[in-house]
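Visitor: Hi, I'm new to this one. Could you walk me through it?

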Amino acid sequence: MPTALPTQQGIDPAASTTPRPRVDVTPQLSDRTVAWLANHPHARRLVRSVWDTLAELERAGQYPAPIDALRRVLTYHQPTATGRCCTCRRWTGRRHRFPCIVWHQIRGELLGLFNPAKTPSG
Ligand SMILES: [Zn+2]
């Protein structure tokens with residue numbers, strides 16, 4: 001016998017279909033990161049590919065809240081003056097080169113590098 005779903009009593013039906021309010025400020029890379037990237041072309045290419053892909057998804061109207069969440073996570077993983085990820089060190093106690101595994105993982109997922117079925121040619 002199917003169980004009843006939770007009731008919607010006391011919940012405004014219009015409110016339940018209203019999208020969540022967006023965060024007013026789009027997460028951005030710091031000025032220090034932008035300056036650091038200017039001297040590190042390999043890292044700049046990777047960061048740009050991730051950032052541009054997120055912007056393309058946003059322009060296409062794809063899931064703005066998760067895109068903001070990804071950007072926010074990425075802004076935690078910015079380089080120190082010596083080119084190490086400032087957040088990964090806190091988690092692992094080891095210095096990780098920027099772009100760290102978080103940037104590589106998100107890039108791979110966005111571009112379908114970890115799942116050949118997602119690639120445009122496959
Ligand atoms: Zn990191």
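Visitor: Are H77 and C85 buried or exposed?
Guide: Both H77 and C85 are buried, where buried means under 20% relative accessible area, exposed over 50% and partly exposed in between, with a 1.4 Å probe and protein chains only. A word on the basis: this is a predicted model, where local features need pLDDT of at least 70, side-chain atom pairs count only at pLDDT 80 or more, and totals for chains, interfaces and linings use all residues. Residues are numbered from 1 along each chain as its sequence is written, and side-chain values use heavy atoms, with hydrogens and water left out.

Visitor: Thanks! Which residues coordinate the zinc ion?
Guide: H77 (ND1), C85 (SG), C88 (SG) and C100 (SG) do, at 2.1 to 2.2 Å. Donors here are N, O and S atoms within 2.8 Å of the metal (3.2 Å for Na, K and Ca), and since water is not among the atoms, sites may look incomplete. Along the chain, the donors follow the spacing H-x7-C-x2-C-x11-C.

Visitor: Why is the arrangement around the zinc ion called tetrahedral?
Guide: Because the four donor atoms subtend angles of 100 to 117°, and four donors count as tetrahedral if all angles lie between 85 and 135 degrees.

Visitor: And C100, is it buried or exposed?
Guide: C100 is buried, with a relative accessible area of 1%.

Visitor: How many disulfides are there?
Guide: Zero, taking a disulfide as a pair of cysteine sulfur atoms within 2.5 Å. For C86, the nearest cysteine sulfur is that of C85, 5.3 Å away. C86 itself is partly exposed, at 24% relative accessibility.

Visitor: Switching topic: where is Q78?
Guide: Q78 is in the loop between α4 (64-76) and α5 (88-92); helices are DSSP runs of H or I with at least four residues, numbered from the N terminus. Q78 is buried, at 8% relative accessible area.

Visitor: What does Q78 touch?
Guide: Not counting residues up to four places away in sequence, Q78 touches Q28, L29, S30, T33, R84, C85, C86 and F98, with contact meaning heavy atoms within 4.5 Å. A polar atom of the Q78 side chain also lies 2.8 Å from the backbone nitrogen of S30.

Visitor: Which residues touch the most other members of the largest nonpolar core?
Guide: L37, V50, L74 and W103, out of 18 residues. Such a core is a set of buried Ala, Val, Leu, Ile, Met, Phe, Trp, Tyr and Cys residues joined through side-chain atoms within 4.5 Å. α3 gives the most, with six residues.

Notes:
Helices (H or I, at least four residues) and strands (E, at least two) are DSSP runs, numbered from the N terminus. A polar contact is a pair of N or O atoms within 3.5 Å; within protein, one must be able to donate a hydrogen and the other to accept it, and residues adjacent in sequence count only if both atoms are side-chain atoms. Four donors count as tetrahedral if all angles lie between 85 and 135 degrees; four count as square planar and six as octahedral if opposite donors are over 155 degrees apart and all others between 65 and 115; anything else is irregular.
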